[in-house]
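User: I would like to go through the terms used for this structure and see what each one rests on. Please set each value against its definition.

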Amino acid sequence: MLRIDRASYDAIVAHARRDHPDEACGVVAGPEGSDRPERFIPMLNAARSPTFYEFDSADLLKLYREMDDRDEVPVVVYHSHTATEAYPSRTDISYASEPFAHYVLVSTREHGDQTGLVGDDVELRSFRIVDGVVTEEDVDVVESYLFGHSPTTVVYD
Amino acid sequence: MAIEVRIPTILRTHTGGNKTVTGSGDTLAALVDDIDGQHPGIKGRLVTDEGKLHRFVNVYVNDEDVRFTGALDTALKDGDSVTILPAVAGG
């Protein structure tokens with residue numbers, strides 16, 4: 001299951017809508033081993049295409065160096081599909097190379113001023129892609145990562 | 001001659017989980033052969049049967065993408081740092 005905070009979720013969707021009709025892409029980084037997406041990093045789609053995305057190679061190096069320095073990993077790798085459903089394409093599967101990442105797809109095929117879907121629903125789905133095998137998972141959007149965790153220690157004088 | 005090579009998560013199955021390995025070689029091709037000797041199978045993940053770098057892997061010498069510096073013919077010297085990163089791409 002992908003557990004993601006509302007702010008990151010909304011930022012992914014907003015980026016996908018903004019870059020429509022081109023595909024949008026990026027990552028949400030988080031502390032290594034936490035499986036908690038915390039730091040939203042929109043990336044430029046170097047392909048600038050409605051059917052393909054690719055992180056610019058210099059940006060990619062900079063991103064991984066920065067995550068390395070901060071002991072972060074790409075917890076979420078997201079991109080949009082602009083004319084098809086939010087499900088990994090064959091190309092997505094062949095390129096997928098982060099076995100521990102949640103691959104998030106957003107479809108903007110119903111894109112209008114808003115999504116155009118009933119209730120302005122968002123078509124966002126999450127997958128694991130490991131050795132060419134796609135497994136869909138639930139998406140749990142939380143307001144904050146603080147809720148549902150053990151309370152932080154409170155020290156009374 | 002020692003060249004540090006940073007290994008991405010997906011290739012760490014070949015390196016016993018290590019994030020970096022050390023190898024040697026005057027060119028990137030020689031370095032890849034050297035690290036494949038120590039960590040069998042890694043070359044096949046980087047180089048095609050035709051002897052070219054895979055389209056979906058990026059290799060950097062220091063800060064330079066080797067696509068712009070001669071690919072596998074890129075010259076290396078002692079102290080260089082090589083980073084391997086899978087492309088983040090799709091359709």
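User: Which residues of helix 1 of chain A are called buried, and what makes a residue buried?

Analyst: This is a predicted model, in which local features need pLDDT of at least 70, side-chain atom pairs count only at pLDDT 80 or more, and totals for chains, interfaces and linings use all residues. Residues are numbered from 1 along each chain as its sequence is written, with chains lettered from A and ligands numbered from 1 in the order in which they are written. A residue is buried if 20 or more other C-beta atoms lie within 10 Å of its own, exposed if 12 or fewer, and partly exposed in between, the C-beta atoms being placed from the backbone. In helix 1 of chain A, Ser8(A), Tyr9(A), Ile12(A), Val13(A), His15(A), Ala16(A) and Asp19(A) are buried.

User: How do you know that the buried residues of helix 1 of chain A line one face?

Analyst: The arc is taken over the directions from the helix axis to the C-beta atoms. Down the axis of helix 1 of chain A the buried residues fall within an arc of 155°, so they line one face of the helix. Arg6(A) and Arg18(A), which are exposed, sit on the face turned away from the buried side.

User: Why are strand 3 and strand 8 of chain A said to stand at the edges?

Analyst: Two strands pair if DSSP finds at least two bridges between them. The open sheet of chain A has six strands in the order 3-2-5-6-7-8, with mixed pairing. Strand 3 (39–43) and strand 8 (133–137) of chain A each have a single partner strand, so one side of each lacks a neighbour in the sheet. Within this sheet, strand 6 (102–107) and strand 7 (123–130) of chain A run antiparallel and are joined by five bridges, with Leu105(A) opposite Arg125(A).

User: Which strands stand at the edges in chain B?

Analyst: The open sheet of chain B has five strands in the order 2-1-5-3-4, again with mixed pairing. Strand 2 (20–23) and strand 4 (64–65) of chain B are its edges, because each has a single partner strand. Strand 1 (3–6) and strand 5 of chain B run parallel, joined by three bridges.

User: What makes a contact between chain A and chain B, and how many residues take part?

Analyst: Residues are in contact if their C-beta atoms, placed from the backbone, lie within 7 Å. Chain B gives 15 residues and chain A gives 20 residues. On the side of chain B, strand 5 gives the most, with three residues. Strand 4 (53–54) of chain A also pairs with strand 6 of chain B, in the antiparallel sense over two bridges, and Tyr53(A) has Gly90(B) as its bridge partner.

User: Which elements cover the buried residues of helix 2 of chain A?

Analyst: Ser57(A), Leu60(A), Leu63(A) and Tyr64(A) are buried in helix 2 of chain A. Their directions fall within an arc of 115°, so they line one face. The cover includes strand 3 of chain A, together with strand 3, strand 4 and strand 5 of chain B.

Technical notes. Contact = placed C-beta atoms within 7 Å. Helix = DSSP H or I, 4+ residues; strand = E, 2+ residues; numbered from the N terminus.
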